[in-house]
Amino acid sequence: MLPPAAVQRLMPFDITLQPVKVLIDGHESEGRLIFADDQLAAVIVRLDGQAHATEHKGHWHLEAGFGRCEARIAPPAFTALEDAEAWVRQRLAGDA
């Protein structure tokens with residue numbers, strides 16, 4: 001995986017992350033809608049529920065990806081929002 005700065009240079013997409021509340025496992029979770037040039041590319045949710053393992057709490061999980069950001073097998077988790085943004089850029093560049 002390329003460093004976030006290198007991925008940003010490759011893809012001139014305007015990536016924005018919009019905060020949103022997402023209902024997961026019966027409780028409200030912090031989420032982000034990730035847009036690429038005003039088009040919804042992915043939805044990520046912060047793992048903070050009781051069902052999540054301690055080592056995963058605080059990470060961000062891909063709940064839904066669209067187009068090149070779709071991940072049918074083993075959706076990724078990210079330790080930081082910047083990692084999720086870099087992943088979206090890399091997928092849109094066709095590098096994954």
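The report goes from the overall fold to the salt bridges and then to one arginine.

The model is predicted: local features need pLDDT of at least 70, side-chain atom pairs count only at pLDDT 80 or more, and totals for chains, interfaces and linings use all residues. Residues are numbered from 1 along each chain as its sequence is written, and side-chain values use heavy atoms, with hydrogens and water left out.

The protein chain has two helices and five strands, in the order α-β-β-β-β-β-α. Helices (H or I, at least four residues) and strands (E, at least two) are DSSP runs numbered from the N terminus. Of the 96 residues, 39% are buried (under 20% relative accessible area; exposed is over 50%, partly exposed in between; 1.4 Å probe, protein chains only).

Three salt bridges are found in the whole structure (a side-chain nitrogen of Lys or Arg within 4 Å of a carboxyl oxygen of Asp or Glu).

| Salt bridge | N to O distance |
|---|---|
| Glu30 and Arg32 | 3.2 Å |
| Arg72 and Glu70 | 3.0 Å |
| Arg89 and Glu85 | 3.3 Å |

Arg72 is exposed at 72% relative accessible area, and Glu70 is partly exposed at 37%. Arg89 and Glu85 lie four residues apart in helix 2 (residues 81-92), about one turn of the helix; Arg89 is buried at 3%.

Arg32 belongs to strand 2 (residues 27-36). Arg32 has 13% relative accessibility and therefore counts as buried, while Glu30 is partly exposed at 28%. Beyond neighbours within four places in sequence, Arg32 is in contact with residues including Leu17, Val43, Trp60 and Leu81 (heavy atoms within 4.5 Å).
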